[in-house]
Each structure stands twice: as structure tokens, then as C-alpha cells.
Amino acid sequence: MLQKDSLKPTDVQSAQENKIQGLAEDVSSLKQDLGKNSETIGDLRKVQADMGASLTDLRDQLHQIRGSMEVLRKEIPAATVRSSRREEEIKELRDRLENVSFKISFIENFIGVGKKPETAEPAEKGKTPTVTTGKDTPPKGGRTDKESAYAAAFEIFKEGKYERARLDFQNFLKQFPDSEYSDNAQFWIAESFYFENRFDKAIPEYEKVIKNYPEGNKVSHALLKLGISYANIGDRVKARATLQQVIKDFPNTS
């Protein structure tokens, strides 16, 4: 058997060196781990700093949002006042428009071209009767063929059957192009389109009254309704020029 005393000094020394080397390696490994941990801690500190900065930004944004809300709360009453003023302005404009429409209707009714023509009727209390005079309604007694044809078309027009009346007046003009009722027939053709709100169709028919029957009694009416028709289709320039011509050619009239 081997005895402890049989170990050589070189063997003991080698074993100690191995232990020392192992400890050194362990220390080196620990240092590396500590270095990695230090880097990790540094990264964590950076993340924490970034999060702190982000929280600060969020606080600032929240403060700004709250400030904006306060501004909006203060502006709401002012906006309500502006809205009320706008409604008042719209109402004022609407009242003006209704006033102008009333005046136009009054003028049209006064001169007998703004509504369906009517024969003379007893006046109701507080109202002025509308009377159709002149060549509009031929006398019933002893009517000729042209008078009967015109009167029949005119009766249909008064009933509001504008398309049928228009055809009858057109046929009348083909049969009696130069009669004393021709200018009136042409005028009612234009009116039939006007009462249907087909102002683009009414315009050339009114122009025919003015051009083809310059001495007729419907020229002033046709010129006025021509201007109103231009206004209704949005042509302000022609409407203004036509209505100015009415004032020029027929001054001091209704």
C-alpha cells in the first residue's frame, strides 16, 4: 500500500496550482457576469429614463388637452350667440325675400298677368274684383268662328289646363295668324309655360309677342313677364336689362 508520505512534493504543488487556476477562471467568469449585469442595469436605467421622459410628454399633452377643453367651454357660449345671430340674419333675409315676392305678386295681380285670368265676379267683402277686359274674352253674342275658337281655348286656360290650352292657342294661330286675337293667343301660350314654371320655354314665346305684335296690347305685359322669367332661370343680366326696358318704354305705369 501507498502511504501519504509517499506523495511527492511536485504532485502537491501541481494540485494547488490547478486549484488556483480554477479559482482564477471562476473569478474571471464572475467579472464577465458582473460586466454583463452592469450593461443590463445601464440599459434598464436608459429605459427607465425614456419612460420618465414619455410620462412627462404625456403629462404635457394632457395639460394641453385640458387647456383646449377649457377654451372650447369658453367658446361655446360665444358660438351659440353667433349661431343665434346667423339665424336672425337668415330670418331677416327670408323676410326680405318674402316681401319682394309679395310685391311682385301684387304687381302681377294688379296688371292681371300673375295669375289665372278670371271673368268679372261680384266682389267679396274687403276684396277688389278681378276683371278681364279688352280682347281676352270675345262677346258671346254672334261670335264668329275665330272668336269661338279663341274663347274656347281661353276658357280651358282659365281652368288651369295649360297644356291643352296651349295646343288650342297654337292651332288658333295656324288658322288665324293675323286676327285681332293673335297677339293675345301668343301671350297666353307664353303664360301657359310660365304657370308650369317652365320659364326657359316661356321666354321665346314672350319674345314672339314683342317681336311679332309690337302694336298689340300685350307687349308691356310680355316684356315684364320676360324679365321675371329671366330672373327665375338665374340670368340676372338679361333680367335687369329687360326690366329696365319696361321702365324706359312704359314709364309712370303700374
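Buried means under 20% relative accessible area, exposed means over 50%, and partly exposed lies in between, with a 1.4 Å probe and protein chains only. Keep those cut-offs at hand for the tour.

This is a predicted model, where local features need pLDDT of at least 70, side-chain atom pairs count only at pLDDT 80 or more, and totals for chains, interfaces and linings use all residues. Residues are numbered from 1 along each chain as its sequence is written, and side-chain values use heavy atoms, with hydrogens and water left out.

**Stop 1: helix α2**

Select residues 145–158, which form helix α2. Helices here are DSSP runs of H or I with at least four residues, strands are runs of E with at least two, and both are numbered from the N terminus. Helix α2 has 14 residues. Its span from first C-alpha to last is 20 Å, close to the 20 Å expected at 1.5 Å a residue. That expectation is 1.5 Å times one less than the number of residues.

Now colour the buried residues of α2: E147, Y150, A151, A153, F154, I156, F157 and K158. What covers them? Show α3 (162–175) and α4, which are among the cover. Contact here means heavy atoms within 4.5 Å. Then step past the helix to G160, which follows α2 and has a positive phi, near 85 degrees.

**Stop 2: K158 and E155**

Stay in α2 and show the side chains of K158 and E155. They form a salt bridge, with the closest N and O atoms 3.0 Å apart. The term needs a side-chain nitrogen of Lys or Arg within 4 Å of a carboxyl oxygen of Asp or Glu. The two residues are three apart in helix α2, about one turn. Buried or partly exposed: which is K158, and which is E155? K158 is buried, at 15% relative accessible area. E155 is partly exposed, at 38%. The whole structure has seven salt bridges.

**Stop 3: the R166 network**

Select R166, E196 and R198, which are linked in a network of salt bridges. Start with E196 and R166, whose closest N and O atoms are 3.4 Å apart. This pair links distant parts of the chain: E196 sits in the loop between α4 and α5, R166 in helix α3, 30 residues apart. Next, E196 meets R198 at 3.2 Å, N to O. R166 is buried at 6% relative accessibility. E196 is partly exposed at 26%, and R198 is partly exposed at 34%.

R166 lies over the face of the F193 ring, 4.0 Å from the ring centre. A charge sits over a ring if NZ of Lys or CZ of Arg is within 6 Å of the ring centre and within 35 degrees of the ring normal.

**Stop 4: Y194 and Y206**

Move to the aromatic rings. Rings of Phe, Tyr and Trp (its six-membered ring) pair if their centres lie within 6.5 Å; planes under 30 degrees apart are stacked, over 60 edge-to-face, and the rest tilted. The count is 15 aromatic pairs. Select Y194 and Y206: their ring centres are 6.5 Å apart and their planes stand at 70 degrees, so the pair is edge-to-face. Y194 lies in helix α4 (residues 182–195) and Y206 in helix α5 (residues 199–212), so the pair ties together parts twelve residues apart in sequence. Y194 is buried, at 9% relative accessible area. Y206 is buried too, at 0%.
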